[in-house]
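Here's a quick walk through one chain, meant to be read with the sequence and the 3D view side by side. Have a look around first, then come back for the details.

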Amino acid sequence: MIEQTIDNMMDIIAQLHQWVLDDIEDVRNANHESLLDRNDIKLANMENLAQYKIDLNNLLVQAVQNGDDVDQYRQKVDDLEKIQGQYVGLMKFQNRGCDM
């Protein structure tokens, strides 16, 4: 269950990352309709990602309480945090660019 949650989170982050790149391209091309078309799905996926973070934390706590070795998930969680950090950085870069 923990691995599946991490995999689901990675899939969402990868999709959000691609949508940010698409947004940047649409801004360059003044394709405003495409930007608006993706907004609802991006918001839904960001909300799903937030819920998955809560679920993952709960699953890890439950595993520790059950005496399971959660160290086996360390690399995947580290990879997840790294990828998520890159996505957040891209969002911040995009937002600064829009504010100018």
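Does Asp26 count as buried or exposed? Keep that in mind while we go over the rest.

## The overall picture

What you're looking at is a predicted model. The chain has three helices and zero strands, so the order from the N terminus on is simply α-α-α, given that helices are numbered from that end. Buried residues account for 28% of the 100 residues.

As for contacts between residues at least 6 apart in sequence, 78% of them join residues at least 24 apart.

## The nonpolar core

The largest nonpolar core has 15 residues, and Ile2, Ile6, Leu49, Leu56 and Leu80 have the most contacts inside it. The elements giving two or more residues to this core are α1 (2-28), α2 (32-65) and α3 (74-99). Helix α1 puts in the largest share, with seven residues.

Beyond residues up to four places away in sequence, Ile2 touches Leu56, Leu59, Leu60, Ala63 and Tyr73.

## Back to Asp26

Now for the opening question: Asp26 counts as buried because its relative accessibility is 10%, and the cut-off for buried is under 20%. This residue is found in helix α1.

And what is Asp26 in contact with, leaving aside neighbours within four places in sequence? The list is Asn31, Ser34, Leu35 and Arg38.

How values were computed. Residues numbered from 1 in each chain as written. Predicted model: local features only at pLDDT ≥ 70, side-chain atom pairs only at ≥ 80, totals over all residues. Heavy atoms only, no water. Core = buried A, V, L, I, M, F, W, Y, C linked by side-chain atoms within 4.5 Å. Buried < 20%, exposed > 50% of the residue type's maximum accessible area, 1.4 Å probe, protein only. Helix = DSSP H or I, 4+ residues; strand = E, 2+ residues; numbered from the N terminus. Contact = heavy atoms within 4.5 Å.
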